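Here is a short report on side-chain packing. It covers the surface, the cores and the aromatic pairs.

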Amino acid sequence: MQILEILFLFFEFIAALFGIVYIRRYRVDNSIRYFVYFLWINFAVELFGELPKIIDQYDQLQFLKSTFLEENAWLYNIYTIISYWFYISFFKWNVKTKKFTFILNILMYLFLLVSITNLIVTDVFFKIHSALPMIPGTLIVVISVFFYFFEMLKSEKVLEFNKDLIFYIAIGALVFYLCAPPLFIYSGYYSNQISTEFVKIRQIILYSTIIFMYTCYTLGFIICIFHRKLYPKNKSY
């Protein structure tokens, strides 16, 4: 496993860990609680996604080479749809304008229809990590984040935005979904044989973006924990 992969998993674990600390100490909205659970699902998926590399390295696991576990495309094809669906749902839960909620509901189901249809009518499910869901998914996530920012700018929350956990989640998710999907989409056209430089640059940008995203989440949890200690409002469990 490369150093960047280890760092990425480390930052992902730290974000999930601080998330558990936060929701166990304070009363929080269900959306935040679900978000923390989602972070742990992310961590589990990434660990499980390393299984094909482990199978190649250990002779004792060679019997798995002829099974679906030899590749992880199917795992990430499912995970990609769930991930986009969750982030869109998360920001939908945190906007109050009915018009915005209605728009996001329509876009969510259109995204789900397109993504599942793509996996059914093509043969990509077990072969490659499909890039098709990333295009509409990224667009809808960005729209949902901007809906949240728009509402925040029109409310009193803007005066204390730096103490709002959702703000840090929005920043991290926005940067990731603006930077990472294009790298996945164009990676299908390049390989080490075609362009070693592109593969290296792609890995550096991708993992740096992921680390930035989870750093935002971790900072959000830490700042909110620190703020609640100074200005306690809710009793802990």
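Which residues make a nonpolar surface patch of about 420 Å²?

## Basis

This is a predicted model, where local features need pLDDT of at least 70, side-chain atom pairs count only at pLDDT 80 or more, and totals for chains, interfaces and linings use all residues. Residues are numbered from 1 along each chain as its sequence is written, and side-chain values use heavy atoms, with hydrogens and water left out.

## Surface patch

Phe102, Ile106, Leu110 and Leu113 make the patch. Phe102 sits in helix H5 (residues 98-121). Phe102 is exposed at 55% relative accessible area (exposed is over 50%, buried under 20%, partly exposed in between, with a 1.4 Å probe and protein chains only).

## Nonpolar cores

A core joins buried Ala, Val, Leu, Ile, Met, Phe, Trp, Tyr and Cys residues through side-chain atoms within 4.5 Å. The largest has 58 residues, and Tyr22, Phe35 and Tyr217 are among those with the most contacts inside it. H7 gives the most to this core, 12 residues. A second, separate core has 9 residues, including Leu51 and Tyr76.

## Aromatic pairs

Rings of Phe, Tyr and Trp (its six-membered ring) pair when their centres lie within 6.5 Å; planes under 30 degrees apart are stacked, over 60 edge-to-face, the rest tilted. The count is 35 aromatic pairs. Phe48 and Trp74 are edge-to-face, because their ring centres are 6.3 Å apart and their planes stand at 80°. Phe48 is in helix H2 (residues 30-48) and Trp74 in helix H4 (residues 73-93), so the pair ties together parts 26 residues apart in sequence. Phe48 is partly exposed at 37% relative accessibility, whereas Trp74 is buried at 15%.

Helices are DSSP runs (H or I, at least four residues), numbered from the N terminus.

Definitions and conventions. Helices (H or I, at least four residues) and strands (E, at least two) are DSSP runs, numbered from the N terminus. Patches are made of residues with over 30% relative accessible area and no salt bridge: like charges are joined within 9 Å, nonpolar side chains (Val, Leu, Ile, Met, Phe, Trp, Tyr) within 5 Å. Accessible areas come from the Shrake-Rupley method with a 1.4 Å probe; for residues, only the protein chains shown count as cover. A salt bridge is a side-chain nitrogen of Lys or Arg within 4 Å of a carboxyl oxygen of Asp or Glu.
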